[in-house]
Amino acid sequence: TSYLQPVWLAKFVATPEGTALAYGSLVFMALLPIFFGALRSVSCGKSKNSSDMPETITGRDAARFPIIASCTLFGLYLFFKIFSQEYINLLLSMYFFVLGILALSHTMSPFMNRIFPASIPIKQYQLLFTQGSGETKEEIVNYEFDTKDMICLVISTVVGVWYILKKHWIANNLFGLAFALNGVELLHLNNISTGCILLGGLFVYDVFWVFGTNVMVTVAKSFEAPIKLVFPQDLLEKGLGASQFAMLGLGDIVIPGIFIALLLRFDVSLKKNTRTYFHTSFLAYIFGLGLTIWVMHTFKHAQPALLYLVPACIGFPVVVALLKGELTEMFSYESSEEVLPHYPTVSGSPASLANSMHSSSSPRWRRNNPPVFNGAPEDGCRFMGS
């Protein structure tokens, strides 16, 4: 699912207004989880519970990531070639149904904390699953939640049922935005060098699978799951019932997003009351995404977005660091949990259940489980017009 397809290659030909609205909306939606996820990444490590701590990506993890992603992508390609696409997508839909509910609950939790009426009593709950007995007893699942968390869970479940039954693009986007925000918030690069290794590896991965084979295109067209943001190009003609979509994969948001979040934490560590590197990388992301769209429309050919996003997101901050004489300090920085002093706090007190989305699928699983996005085919997803 890692490419950008010009809309005129499909049977449907979008109007200039519809195309501009679709791609403009996708760019705007992509910026939301990066911005708010980066802010929340600074303060998400303040939780006292070890299970609420973010996943840290090391240099070794970053080096293996493109290989794992390639194997997963090719495995899905073979599955779609051998087995019935209908049954595979049914299984994937149920899997992402559960993940989407947890992710959306986590995303909603800080806002629910702000608007929840003080007059309503808040009750505390705990769900605990253990294995064994006595001294050999081991916790398998252990999370605490309250009334506000249950409300978030109910609302998220309604969205999930809506998505399962209708596959509506708005429900898809709610889950997709939640996945992306959770990814940016809870997946932490340990230093700048690791970020460069990860982005550089996925740069090669993206170019190879888009330009070198038809694997990415085949999986993108077959894979039905909220791993992408979509916006209809025929919205002006058909309203909410529109069916011709432009798409942006979550990998194009999460992968650059976790690097931008790292630069924000580096800004905080400098204690200069400025966010130079965060703003620079954020603007670089906008530039890279815009350049991807421009090249696609100019050359009328599918484009891997990381081909443009990676040089922009790495190059711009490095140039700024060179000009400021802080390049050595940048590459020697080791990510640590900082308190963000001058931005409004948006992290709140996340629901314990949903806050453990970084533990792959279920709350408070042991920490050796892989994160949600590890090795997923969307790690490098692109725009696509259908």
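The side chains of D234 and K238 meet in a salt bridge, with N and O 3.8 Å apart; a salt bridge is a side-chain nitrogen of Lys or Arg within 4 Å of a carboxyl oxygen of Asp or Glu. The model is predicted, so local features need pLDDT of at least 70 and side-chain atom pairs count only at pLDDT 80 or more, while totals for chains, interfaces and linings use all residues. Residues are numbered from 1 along each chain as its sequence is written, and side-chain values use heavy atoms, with hydrogens and water left out.

D234 has a relative accessible area of 1% and is buried, whereas K238, at 53%, counts as exposed.

In total, the structure holds 4 salt bridges. Another of them joins R40 to E185, whose closest N and O atoms are 3.1 Å apart. R40 belongs to helix α1 and E185 to helix α5 (residues 169-186), so this pair ties together parts that are 145 residues apart in sequence. Helices (H or I, at least four residues) and strands (E, at least two) are DSSP runs, numbered from the N terminus. R40 is buried, with a relative accessible area of 2%, and E185 is buried, with a value of 1%.

A salt bridge is also formed by the side chains of K272 and E326, at 2.4 Å from N to O. This pair links distant parts of the chain, 54 residues apart: K272 is in the loop between α9 (251-270) and α10, and E326 is in the loop between α11 (306-324) and α12 (327-332). K272 is partly exposed, with a relative accessible area of 45%, while E326, at 5%, counts as buried.

Helix α1 (residues 16-43) packs with helix α10 (residues 276-299) at an angle of about 155 degrees, and their axes are 11 Å apart. That makes α1 roughly antiparallel to α10. Axes are lines fitted to C-alpha atoms, for helices over the stretch in contact, and angles run from 0 to 180 degrees between N-to-C directions. Angles under 35 degrees count as roughly parallel, over 145 as roughly antiparallel, 65 to 115 as roughly perpendicular and the rest as oblique. The crossing of α1 and α10 is right-handed; a crossing has this hand if the near helix is turned clockwise from the far one by less than a right angle, and is left-handed if anticlockwise.

Helix α10 also contains V295, which is buried at a relative accessible area of 8%. The C-alpha atoms of V295 and Y308 are 9.7 Å apart in space, and the two residues are 13 apart in sequence. Y125 is placed in strand β2 (residues 124-131) and, at 34% relative accessibility, is partly exposed. Between the C-alpha atoms of Y125 and M150, 25 residues apart along the chain, the separation is 9.6 Å.

On the surface, F74, L78, F79, I82 and F83 form a nonpolar patch with about 500 Å² of accessible area together. Patches are made of residues with over 30% relative accessible area and no salt bridge, with like charges joined within 9 Å and nonpolar side chains (Val, Leu, Ile, Met, Phe, Trp, Tyr) within 5 Å. Accessible areas come from the Shrake-Rupley method with a 1.4 Å probe, and for residues only the protein chains shown count as cover. L78 lies in helix α2 (residues 59-82) and is partly exposed, with a relative accessible area of 37%.

Key: Buried means under 20% relative accessible area, exposed over 50%, partly exposed in between (1.4 Å probe, protein chains only).
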